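The following exercises ask the reader to work through a protein structure step by step. Each task is followed by its solution.

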Amino acid sequence: MIDYLQKLNPQQYEAATTLEGPLLILAGAGSGKTGTMTHRIAYMIRDAGVDPRSILAVTFTNKAAAEMRERVEVLVGSVQGMWIQTFHSACLRMLRLHPEQAGYAKNFVVYDPVDQKSIIKGLLKELELDPKRFAPAYVISEISNAKEQAIGPGQYRRDTGGQAGYQELAELYDRYEKVLKKNNAMDFDDLILRAVQLLENNQEILSYFQKKFQYLMVDEYQDTNLLQYKLVKMLAEQHGNICVVGDDDQCIYQWRGADIRNILEFEKDFPGAKVIKLEENYRSSAYILEGAHSVISRNRGRKAKKLWTRADKGEKIQYYRASDDKEEARYIGGRIEALMRKDPKLTFSDFAVLYRTNVQSRRFEEALSAKGIPYQVLSGLRYYDRKEIKDILAYMRLVVNPRDDAGLMRIINEPKRGLGAKSQESLRTLAAVRGQNLMEVLKDREIVDSFPNKTAESLHAFVSAIDGLHIEQANMSVLDLYDAILVKTGYLTALEEQNTVESDSRIENLMEFKSVITEKEKEKNERGATLTLEIFMEELTLLADVDNHDPREDTVSLMTLHSAKGLEFSVVFIPGMETGIFPSYRTIDKGEGMEEERRLCYVGMTRAKKMLFLTSAEWRMLYGKTELTSESLFLKEIDRSVMGGDAVYDKKSAGTSFARYDTKAPYSEGPYVSPLASIKATRGKADERQTLAGKDVVAGQKVHHEKFGAGTVIDASGSVLTVIFDAHGTKKLAKDLAPMHKVEDQ
DNA sequence: GACATATCTAAAGCC
DNA sequence: TAGATATGTC
């Protein structure tokens with residue numbers, strides 16, 4: 001056996017040394033997936049004589065790509081020549097090599113969601129559509145979905161023809177595509193779609209890449225969508241050397257297009273495929289694994305597998321039902337303190353609170369700061385989403401590609417230069433009438449002069465600034481250009497004049513951004529290349545997350561279950577184990593959605609190395625209302641034998657003790673009916689008693705409803721509090737009970 | 001264009 | 001409840 005492969009277990013070793021033919025590595029949580037993949041690449045290069053240039057490894061996130069690159073570098077010394085990239089950047093790279101064949105001009109730009117939104121907004125105006133009925137976000141998601149299915153505007157129109165509202169959507173989609181084409185721009189979905197089309201329509205280009213990439217690897221294969229599948233399939237068609245790594249149990253992104261069938265049907269899609277299961281877990285203690293398994297095994301659509309560990313049984317899973325959401329947070333804070341007192345080796349960064357929705361974070365922030373516990377919240381907000389950064393990026397883009405209308409619209413009045421909605425409106429119209437890009441229109445002196453004096457002046461100044469930068473740009477470093485933009489556009493001056501706390505922090509961010517550029521330049525220089533503006537822009541647009549999780553900081557981590565995928569912590573808390581929160585009310589009566597929630601639960605549980613705490617709150621304030629909650633179905637699915645002795649279920653609601661649930665109940669198809677009815681509460685004045693299915697209810701009365709189940713009407717602080725048990729625990733019932741009255745904090 | 005007020009809505013977020 | 005967005009007023 002080769003020395004560096006010695007650390008691998010037999011399955012990992014086999015996976016790392018199987019190079020030819022289709023290979024599916026089913027890598028369970030904590031099974032050493034990345035190590036296996038990187039060793040596989042190392043083996044190719046060090047022992048199998050594979051040319052690094054013939055390796056293509058794709059991941060979903062920049063973080064994953066960076067990690068893979070780093071670890072391969074450690075093993076092999078260099079990643080030179082290999083394509084270790086995200087799906088999007090790999091596609092972009094192919095498209096940059098053949099823009100014309102893909103139907104674009106050389107300097108095409110990549111639009112982000114903000115640009116998309118501004119385009120859709122413009123189109124809504126143009127078509128005089130109601131932005132409420134056609135919310136930009138909704139329109140964008142429709143378009144995105146269509147593109148992920150490789151459905152163009154024409155087919156979209158045909159497919160949806162006749163249905164109310166779809167006519168307009170089809171028109172929007174069609175025009176949206178035309179705008180992008182005219183602006184020489186692609187959105188994120190285009191990157192994959194156009195790359196696939198490029199290969200589909202150009203046999204030579206396809207053959208070139210098929211020959212070039214003799215060895216393909218795909219990480220997180222369970223998250224691939226139809227287009228990504230097509231891409232991989234095409235590239236692998238000739239040689240079949242395709243290795244995909246993934247875990248169907250961790251497919252938690254179906255809602256954004258991931259198609260779990262890709263991994264489930266890999267062997268069908270790639271005949272002769274070898275399947276290797278990595279089932280030895282190196283992360284969690286046995287009780288935790290057992291608990292996670294008892295949950296995930298309820299899913300039907302999954303590949304049979306079971307993680308095991310050599311580690312001790314460890315601590316049982318703890319469950320705590322708090323009285324309300326505040327107490328739940330206090331409890332978690334208290335537990336962190338107590339555990340750290342007990343075990344001095346624990347640091348804050350050993351703890352994570354993983355919640356289902358971002359709104360839950362607030363309570364934990366409050367509770368942790370009250371106790372003086374340092375924490376960091378990993379929110380969806382990203383560094384490059386900051387306005388000032390986006391603005392400067394838009395300037396850069398416009399300088400590179402003057403046809404970039406979305407970029408221009410973004411910054412034409414940023415900083416304020418008197419070019420408000422009205423001027424923008426007429427510019428847009430002019431451009432539309434003349435079929436030109438905004439910049440082309442602006443370059444026409446006559447047109448600009450036809451605007452009111454002040455406006456014309458501003459426009460001239462704007463055009464000449466951009467134009468000047470466009471010309472100078474060729475002989476400038478990225479950093480110099482950045483400075484020039486800040487100064488010549490008046491952006492920096494405007495901020496300085498504001499002189500507020502906010503503008504100060506913006507300036508700070510802008511300065512911080514300079515170090516990002518410097519770093520990138522250094523990086524490139526080390527590899528003997530120079531950082532061109534184009535390359536820089538590219539990397540930035542596709543760089544979504546600057547890994548805002550800083551593991552070096554000793555803080556408790558607060559994040560959603562989704563963003564926890566791939567991470568691990570000694571002690572994990574999963575709060576909000578309640579019907580409606582987790583599983584989310586939106587999925588409760590949908591089998592598919594429910595399976596995904598269950599996978600999410602599995603992902604969350606398997607993040608824990610040593611201890612896992614699940615909590616729920618009896619009363620929870622949500623959307624301004626306080627409601628009685630019921631415990632999550634998932635709690636009942638965890639095998640009792642791995643739960644800590646002091647786990648108390650529904651200690652306050654009589655008749656709902658844990659023992660009543662048959663945790664081994666067979667998993668059945670159809671709507672998920674929780675054995676435990678959930679409770680909705682509403683308070684009205686005594687003379688405004690709610691009726692339930694035509695029945696008048698009064699305080700203290702037991703009620704029964706064939707659909708909603710049994711419940712009791714109880715009395716709270718003088719007025720009637722109607723409590724209804726509902727088999728689904730969804731908001732549907734709330735509607736049935738309207739009008740609802742607010743329930744004050746108990 | 002800035003600011004105040006009204007209204008609406010509520011999951012997750014990779015590139 | 002809280003935030004985002006739309007609308008109103010100066």
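The structure is a predicted model, in which local features need pLDDT of at least 70 and side-chain atom pairs count only at pLDDT 80 or more, while totals for chains, interfaces and linings use all residues. Residues are numbered from 1 along each chain as its sequence is written, chains are lettered from A and ligands numbered from 1 in the order in which they are written, and side-chain values use heavy atoms, with hydrogens and water left out.

**Exercise 1. Describe chain A as a whole.**

Step 1. Chain A contains 29 helices and 22 strands, where helices (H or I, at least four residues) and strands (E, at least two) are DSSP runs numbered from the N terminus.

Step 2. Of its 746 residues, 55% count as buried; buried means under 20% relative accessible area, exposed over 50%, and partly exposed in between (1.4 Å probe, protein chains only).

Step 3. Among contacts (heavy atoms within 4.5 Å) between residues of chain A at least 6 apart in sequence, 75% join residues at least 24 apart.

**Exercise 2. Determine how α6 and α8 are arranged, and which residues make the contact.**

Step 1. Two packed helices are described by the angle between their axes and the distance between the axes. Axes are lines fitted to C-alpha atoms, for helices over the stretch in contact, and angles run from 0 to 180 degrees between N-to-C directions.

Step 2. The axes of α6 (residues 136-148) and α8 (residues 166-182) come within 10 Å and cross at roughly 75°. Therefore α6 is roughly perpendicular to α8, a class that covers 65 to 115 degrees, with under 35 roughly parallel, over 145 roughly antiparallel and the rest oblique.

Step 3. Helix α6 contributes Y138, V139, E142, I143, A146 and K147, and α8 contributes Y166, L169, L172, Y173, Y176, E177 and L180.

**Exercise 3. Identify the largest nonpolar core and the surroundings of M605.**

Step 1. A nonpolar core is a set of buried Ala, Val, Leu, Ile, Met, Phe, Trp, Tyr and Cys residues joined through side-chain atoms within 4.5 Å. The largest has 86 residues, and those with the most contacts inside it are I242, I574, F582, M605, L612 and L614.

Step 2. Not counting residues up to four places away in sequence, M605 touches I288, G291, A292, V295, I317, I574, L612 and I638.

**Exercise 4. Locate K371 and list its contacts.**

Step 1. K371 lies in the loop between α16 (361-370) and β11 (375-377). With a relative accessible area of 31%, K371 is partly exposed.

Step 2. Leaving aside neighbours within four places in sequence, K371 is in contact with R330, G333, G334 and E337. The C-alpha atoms of K371 and E337, 34 residues apart along the chain, are separated by 8.5 Å.
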